[in-house]
Structure formats: structure tokens, C-alpha cells
Amino acid sequence: MANSYVRLTSIFTACLVVALLVVAADSGTARAQEQVLNLYSSRHYQTDDALYADFTRQTGIVINRLEADGSALLERLKNEGENSPADILITVDVGRLWAAESAGLFGAVDSEILNQRIPAHLRHPDGLWFGFSTRARVIVYNRDLVDPAELTRYEDLANPKWRGQICIRSSGNIYNLSLLAGMIAHMGAEAAEEWARGVVANFARDPQGGDTDQIRSVASGECSIGLANTYYYARLLLSEEERDKQVIARTGVIFPNQDDRGTHVNISGAGMIASAPNRENAVRFLEYLASDTAQRYFADGNNEYPVVESLLDSPALEQMGAFKADEINVSVSGVNQAEAQRVFDRAGWK
Amino acid sequence: MKRPSAITLVTFLLAGLFAIPVVTVVAHLFYPATDTWAHLVDTVLASYIQNSLWLIIAVGAGTLVIGAGTAWLVTMCRFPLRAGFEWALILPLAVPSYVIAYAYTDFFQFAGPFQQAIRELMGWGMQEFRLPNIRSLGGAMIVFTLVLFPYVYLIARTAFLQQSVSVLEVSRSLGASPRQAFFRVALPLARPALAAGVALALMETLADFGAVSYFGVPTFTTGIYRAWFSMGDKIAAAQLSTLLLVFVALLLSLEAWSRRKRRYHHTTGQYRRLKRFELRGWRAGAATLACGLPVFLGFVLPALILANLAIGAGDGQITARYLGLVRNTLTLGLLTAALAVPVALLVAYAMRRRGGLAITAAGRIAGLGYAIPGSIIAVGVLIPFAAFDNMLDGLARQWFGISTGLLLTGSILALVFAYLVRFLSVALQTTEAGLQKITPSMDAAAATLGAGPGRTLLRVHAPLLKGSLLTAYLLVLVDVMKELPATLIMRPFNFDTLAVQAHNLASDERLAEAALPALTIVLVGLVPVILLSRIVARSRPGEDAAAPAGGGTERVTIVTG
């Protein structure tokens, strides 16, 4: 009896010791002498690995990465305070850039390179954050079921004529929140809610899945209209898989509101943390993101629109064509985000 | 009054420690209120409550029926493939609910291969054939039931195995049919264990974010996320979390209340090798099907779908980085499990020994984290830990002029602590269910023979608890390896796990590439799961004596002969 207890204890102890050794070995490899950059990023694109590797190759600066959801990173940064190891925060939407800015997390960067290369409406006036790529939220339609001439504005999605035909993801999704936040800025909360109600009435099914799922559903005929970010569509456009080629053959893309305010775009951007321990490296990293090489990674790797406009020639982006973007001050997405969630809730958009 | 023993004191201390994150979250209630609550009540709260309730009812019933039913079949009956099902029924435990949600959506959705194949086979058009949508409340019920029933199965099976055969034989000799023996004797005796298993399954269901958000089913958890992260309203999130906790507390006390003063103890230690009821004909077929279907749907099919996707994604996926992911995942799991078991044993033991209201409450509070979504726990850990780190840094600067930086925040230690808060309940419930089987008369005998509480624990209880403790260890191990949201927020730099990688790829909508890490979570989880089933099979008192090392071979001979 006592024997088995001893055996049990030794199994536990052995596991504990092994685990502790692994942890110790891990922290022992911390590189003290190397130049580092500590990056908190909510970009979740696999193609970014090449981007970071290239930065390290060019500068010798090693990047330590922590990737998580934008709001989670914000929460961690706020609590870590002055002692946070973070140098840079990257987000995939302007709402979170605004939230970080208003929480006082960003420090100002004054760089000639950045000011020169990035258009003024895509960066903070005081250099608190910079946009490095944009993505448009476009309408995807089934070629057999929809005449694109009848669907030229976001407002048209609320037209009762599309009853039971729209597929879209949930209202908690940041891309939908940003879109509605922009609409609130343009038309006011009441009209935006009216619009949301109209779209909800046209749902083919409860909101679910991601953008690619909506595109596939549109292609399959489960619904005829969907909303998606451009890079998800571009990824299918470039895919070699038969299944994806069929999806592209059956669907088309509409850039909404070309005759008035322009298509809603969101920014993936970054700023330097006010308490950054490696300030010089942080600025070098931001400048690198605006360089031709990095901008090409965004455009060719992940099919995002580079902010340096001379580089808009990647194959998928060219195929989708040029468009007019909504140039409303991007910060409104942040200001109106909570309101947007409430409007969605009231409209019954799950 | 008796002086509280060291065990009691340590238990209060531990309970206090593990309560910190939960208290931190709930404490936000006392901040000035916002109007978000009124907004939630007006709009979405009703659907949160409704969906969560339906999930609880369906998953509770589903896991109970499948878990207890299959456990009884493989323990007490003989039918084709029984020995295989004995361990295979645990396999779905290795599949995280978000992973099975991804896999089933890809396979069963309107545009997926299953429906496409049927359409092609029957020559139907796109709009002519559609199955009910898997991404729905119904789909969530099915998915949760499929991967969570093993909790009930495991604990129920341990309970059935440890029930003295003589109790059952007495019931048979008094004229009970096998059915009656099950419903009137075995089931009531196993009741505390079944309740513990269902409670685990339900708490896991309530805390889940990955599957329900992917399915677009709004529950309390998705509501808490939205309040906190979309609306930036911590107070509303705290209010929802508190409501969720009240929900869980009600659930737990409902079972305790319905049991009231009844105690379920065996009064005899007479064990003999089990004689299983022989099932024949359609009964045998039905039993095989009843055990086979949950294994197929909960494990085999999702694993096949993932394997197919992973193979489609091409070679070159197994890199040094991938192996690092496996190592990190295992490290966290082993470390947490090794800490969770002793803590759970201590707390469960103190609760059993003293049995007072205060200590029971302390134990329950220590286990509450299981019902709270991982990211909320993470924020609950982050706030006090970062505050502590910054305070320490401030003092060190003031006194010694040096900066300590952030000692705990962003360390593995903080992450493991978050896991412990989240999963202690798993270890606790399992240990408690094991302790139920130790009769007070054994304690009394030990005391009569002059053993103190510590000695009784070490020499009498621990050996008897071996099976339960190992079960607890392996359950926590598997749970930690599947955990996602807390890991995402709390992990150190460059420290990714399989779950994190699968999530990153899936949120980048690269399901095919996410398949390999997802499948690996399942495969890595299989090792402890298989160990688990072997241990439980051998933990039956009397089984050891009757069939020492050669037991396995003996059975093989029967099968092949």
C-alpha cells in the first residue's frame, strides 16, 4: 500500500522536475547582449513571419513576438504600465489604435521617413501611430443570382428586395464594428440603426463564421450576397486549388459607394509604446514597415493595400481593380466602436 | 471548539489565493455603474440566458445518458469489442470543442464536402437539398455533448468499478434484474460521481468561447467578451460574469440539495473479480452501436477530417518550430497538473475532514474558476499580478535604486497560476468523488489504531485514491493542453503552444493549415488519455489480486481462442 503511494509521489515529482528544468533551460537562453525589439501584435497572418525575418536580417535586431487579440494586448499593456517590455503595438484595425492612443499607451515618433511615405490621413497627426496597410470591406455577390448594377452602395444591402439573401459574420467582429462606426459618423446613429435593421431583415442565416466562409456560402448559392475584407477574396483569387477557383468563377466583387463617399477601409497600423525600453529599435522598425520591401510583403504576401501608393501593382490587387476609399478621419471608428456594438444589439444583429 | 489543523489553515490560504482572480473580476461590480447593463437587459441578455440554459439542459442530459450508459455497459456487460471501447470511449476528451467545431463546420456545412457529395450522388441542385445548419444552437449542443461526455464516462466508470460486487450480487439475489440492479442500486450509489462528471461538462460548456463564437450562438461567455472587448465596459462584463457564477452556484447547490442528508457509502470492502452480464443477439449489437457511435462522432470522424485537411495542406509543416510548440504545450500541461493534484487533494481532504460550512465554501470558491471563461480569468490574474509587480518595482527603485521590472507578469508562473485557477475544479471534483468511496469507518479504524490525520492521508487514503488522483492529473494535463484564451493573453514572448498556433491559423481563415496543430493537440492528448484508461481499468480493488500482471494476456487468449 505505502509502496504505491511512494510510486505515485515520485511520478508527480518527476513530472514537476522535468517541467521546471525545461522552463529553466528556456529562460537560460535569454540573449542579453543582442539588440532586441519587443513586439505586441494582433496581426495573425502567417505571411508576416517572412517580414519579421527580413527585418532581423537587415538590422541584426531580434524580434520577440507576442501575438494575441487586439483587446487582450491592450488589456495586458494597460496593466503592465511603465514596466511593460513592449516597444511596439501592431493592430489590425484603427479602432484599437485609437483605444491605445486614448489610453495614453503610445509615445510620439517624429520621423521624416514616415511622414514622407505615409499619406497624412493614414497616420496620427502627432506621430502616435502610423497606418502601414489598408483593406477594404467589399460586397461579394453570386454572379448567377445578383445583378451588380442593383447593388452599388452599402445602403443597398438594406433594400427589402434582398430578403433572405445576405450572409455576414457576427456583430462582435471588429471589421463589422468598424464599418458601422464609419456609417454612424456619416449618417448618425439613428439612420445607421435603421440600416442595420434592414440588413438583419435580409439575413439568409444567423451570423456565423469568418469572411472566407461568407464568400464560400455566396459561391455555393446558400446566399447571394456577402461582405468580406479584400485580402480574403484576394487569397482565393490566387489559390491554385480547384475548390477555390470555382468560388472565384461564381462570385464577383463590388466596391461600394464609388459615386459618393467611397468604400470603407480599415488600417493595420502600429505605434511606439510610450515606455518602450528599446526606443531606437522601435523607430527603426516603424521606418522599416514603410520601406518598399516591407510594403511589398503586405501587398504580395497578404494582399493588403500598401500605404505607399506607387506599389499598388501586386497581381491580386490589380485584378480587383482600383477604387475610391472613404477618407473620413479614421479615428471615428474608434470613437464610435462601443456605440456601433449597441446599435447592432438593438437591431438584433447577433 | 477544536483548534483548526494545519491542513485547514493551508486550505483557507490556498482557497484565498485561487479566489483572487475571480474576486478581482467580481469586484468591478462596485465601480460606478454604466448604462450598458440596461442596454444588455433591453436587447441581448434574454438570448444569452436562453441559449445558455438550453445548452446546459441538452449537454447535461446528453453527457449523462451517454457517459453513464456506456460506462455501465463496458463495466458490467460483455459484448463484441467491449475491451476496445473501454479505453476508446475516453478518446473524445482529447478533442478541444473549438477544434471539433472547425472540423464539423468544414465538413457538414452547406458548401462543405458532405452535402456536396450527397447532392452529386442524388443529382440534386444547390437549393434542393440542405441539412439543418451545423452552426446553430443545436449544433453546439451536439458538439459539446460529443467531446464532453467522457468526463461523465470516466468518473462513472471509476465509480462502477469501485462498487463492491457483493452489493450488486445481493441485489440480484433479492430478485433484481440487471436493469433494476443498474437503476435501483448502481446508479444511486454512483450519484455523487455522476453529478461531479456532469458538473464538469456543464462548467466547461458555460465557459467555452471558441465553439459558440464560431457557431454564432450568443451565450453568457460571448456576451462577457463583447461587453469587455467591443464596448470596453469592464463593469458590464463583471456583472455578466457574476450572473454566470450565480448560475453555476445554483446548479451545484441544486444537486447537493436534492441529495440533502443522504450519504452514499459502501459498507463493505468485499471485492471479487467482476462477472459481466453476457449480452447476445440484438442486445449485443445495440450495445456495440451505443458505444461505437459516440467514439466515431466524437473522435474518429473529426480526426479523419483534420487528417485529410492536414495532408491537403502539404509537406514541410513539421519544422523545428512545430516541435517547439509540442514541447511548450507539454511543459505547461505537466507543470500545471503536477501542482493541481496535491492542491486538490489537500483541499478535498480538508473539506471532507472538517465538513464545516466555511471550509466547504472555501473549497467551492477555489474551484469556481472552471466556469469562468479563460480570458476573463486571465484578466483577473493580470490585474493583481501586474499591480504586485509594479509595486515591487517601485519599492526596489525607492530602496535599492534598482528596477526589478515585471517579475510575474508575462512569466510562465503567472500562466500556470491562471491554469490552476481555471482547472483546479477538475482535479478537485475527481478527488472528491474518489474520497466519497472511503468510508468514515476506515478513518475511525485508522484513528483507533493511533494514526493522526496526516498519517491516515498518507497510509490509508492515498493508496485508495491512487486511481482518482491519476485521473485528476491526466484530466488537468489534457485540459491545459487544450486551453486557448488564457494562454493567448498571458504567455511570454515567443512562447506559442499548439492551441495558439491552431487558433492563429484558424483566425487567419487558413483552416487547412490549422489542421496539423489541431490534430497534434488531439494526438498529444491521446497519450495521457490512453494512460488514463489503462490506470482506471486496473484501479478496481480485487481486480489486481485476481488477475495480476498476466490479466491482459489471459483476456487476449480468450478473444483469439
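Residues are numbered from 1 along each chain as its sequence is written, and chains are lettered from A, with ligands numbered from 1, in the order in which they are written. Because the model is predicted, local features need pLDDT of at least 70 and side-chain atom pairs count only at pLDDT 80 or more, while totals for chains, interfaces and linings use all residues.

Chain A contains 14 helices and 10 strands; helices (H or I, at least four residues) and strands (E, at least two) are DSSP runs, numbered from the N terminus. The C-alpha trace of chain A spans about 70 × 65 × 40 Å along its principal axes. Of its 350 residues, 52% count as buried. A residue is buried if 20 or more other C-beta atoms lie within 10 Å of its own, exposed if 12 or fewer, and partly exposed in between, with C-beta atoms placed from the backbone. Among the contacts in chain A with a separation of 6 or more, 80% are between residues 24 or more positions apart. Two residues are in contact if their C-beta atoms, placed from the backbone, lie within 7 Å.

Chain A is divided into domain 1 (36–134 + 266–311) and domain 2 (135–264 + 328–347), with bounds that come from an automatic or database domain assignment. The centres of the two domains, taken over C-alpha atoms, are separated by 27 Å. Their contact takes 13 residues from domain 1 of chain A and 17 residues from domain 2 of chain A. On the domain 1 side, the elements that give two or more residues are α4 (94–102) and β9 (265–273) of chain A. The largest share of that side, five residues, comes from α4(A). By class, the domain 1 side has six nonpolar, five polar and two charged residues. Here Ala, Val, Leu, Ile, Met, Phe, Trp, Tyr, Cys and Pro count as nonpolar, Asp, Glu, Lys and Arg as charged, and the others, Gly among them, as polar.

Two asparagines of chain A have backbone angles of note. A:N257 is not a glycine, yet has a positive phi of about 55°. A:N257 lies in the loop between β8 (251–254) and β9 of chain A, and counts as buried because it has 20 C-beta neighbours inside 10 Å. A:N303, also not a glycine, has a positive phi of about 60°. The loop that holds A:N303 runs between α11 (292–302) and β10 (305–306) of chain A. A:N303 is buried because 25 other C-beta atoms lie within 10 Å.

Chain B has 25 helices and two strands. Of the 561 residues of chain B, 52% count as buried. Among its contacts between residues at least 6 apart in sequence, 84% join residues at least 24 apart.

Helix α14 (residues 281–312) of chain B has a kink of about 45°, centred on B:F296; the bend at a residue is the angle between axes fitted to the seven residues ending there and the seven starting there. Buried residues of α14(B) include B:P294, B:V295, B:G298 and B:F299.

Packing between helices is seen in α1 (residues 6–27) of chain B and α17(B), whose axes are 8 Å apart at an angle of about 95°. Axes are lines fitted to C-alpha atoms, for helices over the stretch in contact, and angles run from 0 to 180 degrees between N-to-C directions. The angle makes α1(B) roughly perpendicular to α17(B), a word that covers 65 to 115 degrees, whereas angles under 35 degrees count as roughly parallel, over 145 as roughly antiparallel and the rest as oblique. Residues in this contact include B:I20 and B:P21 of α1(B) and B:I376 and B:I377 of α17(B). By class, the contact has nine nonpolar, two polar and no charged residues.

B:A68 belongs to helix α3 (residues 45–76) of chain B. B:A68 counts as buried because it has 26 C-beta neighbours inside 10 Å. Not counting residues up to four places away in sequence, B:A68 touches B:V152, B:A156 and B:L194. B:A68 and B:P150 are 82 residues apart in sequence and 9.3 Å apart in space, C-alpha to C-alpha.

The contact between the chains takes 55 residues from chain B and 57 residues from chain A. On the chain B side, α17(B) gives the most, with eight residues. That side has 28 nonpolar, 17 polar and 10 charged residues.
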